[in-house]
Amino acid sequence: MIFDDDMETLPREELEVLQLRRLKGLVDRVYANVPFYRKSFDDAGVRPSDIQSLADVRYLPFTEKQDLRNHYPYGLFAVPKDNVVRIHASSGTTGKATVVGYTKRDVENWATLMARSLVAAGATKRDIIHVAYGYGLFTGGLGAHYGAERLGATTIPMSGGSTKRQVILLRDFGATVICCTPSYSLFLYETALESGIDIKELPLRIGVFGAEPWTEEMRRDIETKLGIKAIDIYGLSEIMGPGVGIECIEAQAGAHLQEDHFLLEVIDPVTKEPLPPGETGELVITTLCKEAQPLIRYRTRDITSLNLTPCRCGRTFARMHRVMGRSDDMLIIRGVNVFPSQIESILLETQGLTPHYQLLVKREGNLDTLEVQVEVDEKIFSDEIKNLQRLGGKIQKHIKEFLGVTATVKLVEPRSIQRSEGKAKRIVDMRNLS
């Protein structure tokens, strides 16, 4: 089943004609309305009229996440603020969030792309869709919610947390589709067992999972334990939110990216040169239809490859291989993006600590955990245990308040963290994500 058959099965030749028309309109619009892009284009020696083919996109400058932070909050908007009906944001270094604005049409397009995604996952308007992504500035909850409503399905806006209640409502409301992180689905399974509920006996049949890395092994585990089809969804808050791409239930072999709305490239992250389909590199996305905050050649930092071969589901959109890693040092902990520099900012503002720290990422059971190990100075280390505990609790509270992620803080003795002659090893990822 396909939500928008005419568009999702468009022959590639016709799709590329549509993309080029939209790309030309986009570069005209951002050059006229966004000072950042006007300067970037001028510095690169390129004018909107230079874009005469899709291949010419390579002459346009890249957009980085730091550009969004540098122009916080509204500096990249391409429309007057009066035309912006929604704002989402993610946490940023020292309080500088990554802000994304949406016009009314942007929200409508997002809902349509999410409806497409849910149908690709196997959902219909007869389904009851339980949304356990967080609601608020995070795009996950509202993105799935609006898509489910656009589809015409019954929508349960549960949001995150309250896991025991979630299990009870999954049983009582008879949800057939769940949207959440993959690790949370396994936590729901464990909680259900403790409550004497076998999720396999519930009507649940599909899980739409994203917002964190997961493996084929985890997929098999989820499908076995919950008795459902586990579908991988892809999205970025900077681009739109969830629904940029999703696997089809027929193949489960790479996320179909919504190419009528997004122009895709894969580049060598070092040379920044485009790579042909099938080769592995960094995914770069240009938003062809965004009104409030369009982005030109946004570097996602996600390492993947594109597959243009036809899919048995009938969709002609390119498929993206499951993300294999990052070209930067960002961590994703339970759906929250965390950079070591964000943790470092909090640590360096705390008296009694040295600048030597490590972030230990583990998978305990089915949930990712973050432990921050930081050295204290000689004076603090010789202090009473209760004072050390108080300091650790203070740091943990600040991390939760500013970054939205729960971390365990371990204060260690001076010179106990290994030094490096080169770049300091800040992250010790102990998860097995291969």
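Biologist: In which loop is the place of I228?
Modeller: This is a predicted model, in which local features need pLDDT of at least 70, side-chain atom pairs count only at pLDDT 80 or more, and totals for chains, interfaces and linings use all residues. Residues are numbered from 1 along each chain as its sequence is written, and side-chain values use heavy atoms, with hydrogens and water left out. Helices (H or I, at least four residues) and strands (E, at least two) are DSSP runs, numbered from the N terminus. On that basis, I228 belongs to the loop between α9 (216-226) and β7 (229-236).

Biologist: Is I228 buried or exposed?
Modeller: Buried means under 20% relative accessible area, exposed over 50%, and partly exposed in between, with a 1.4 Å probe and protein chains only. The relative accessibility of I228 is 6%, so this residue counts as buried.

Biologist: Which members of the largest nonpolar core touch the most other members?
Modeller: A nonpolar core is a set of buried Ala, Val, Leu, Ile, Met, Phe, Trp, Tyr and Cys residues joined through side-chain atoms within 4.5 Å. In soluble globular proteins, nonpolar side chains tend to be buried together. The largest core has 63 residues, and those touching the most other members are L23, F41, L118, I129, V208, I239 and I285.

Biologist: How many disulfides does the structure hold?
Modeller: A disulfide is a pair of cysteine sulfur atoms within 2.5 Å. C248, buried at 1% relative accessibility, has its closest cysteine sulfur, in C311, at 3.6 Å, which is too far for a bond. The count of disulfides is therefore zero.

Biologist: How much space lies in the largest cavity?
Modeller: On a 1 Å grid over the protein atoms alone, a cavity is a set of points where a 1.4 Å probe fits but cannot get out; a pocket is an open set with protein on both sides within 12 Å along at least five of seven lines, and lining residues have an atom within 4 Å of a point. Grid points are joined across faces, edges and corners, and a volume is the space filled by probe spheres set on the points. The count comes to three cavities of 30 Å³ or more. The largest cavity holds about 70 Å³.

Biologist: Which residues line the largest cavity?
Modeller: Helix α5 (residues 104-120) gives the largest share of the lining, four residues. Ala, Val, Leu, Ile, Met, Phe, Trp, Tyr, Cys and Pro count as nonpolar, Asp, Glu, Lys and Arg as charged, and the others, Gly among them, as polar. By class, the lining has six nonpolar, two polar and two charged residues. The lining residues are D106, N109, W110, L113, M240, H261, F262, L288, C289 and K290.

Biologist: Which lining residues lie nearest the centre of the second largest pocket?
Modeller: The volume of the second largest pocket is about 460 Å³. Its lining comprises 12 nonpolar, one polar and six charged residues, and the largest share, four residues, comes from β10. Of the 19 lining residues, those nearest the centre are L263, L264, E265, L275 and P277.

Biologist: What is the omega of the peptide bond from Y72 to P73?
Modeller: P73 sits in the loop between α4 (65-70) and β1 (86-90) and is partly exposed, at 34% relative accessible area. Most residues other than glycine have a negative phi, and most peptide bonds are trans. The bond from Y72 to P73 is cis, with omega near -5°.

Biologist: What phi does A211 have?
Modeller: A211 is in the loop between β6 (206-209) and α9, and its relative accessible area of 30% makes it partly exposed. R301, in strand β12 (residues 298-304), has a positive phi of about 70° although it is not a glycine. A211 is likewise not a glycine, yet its phi is positive, at about 75°.
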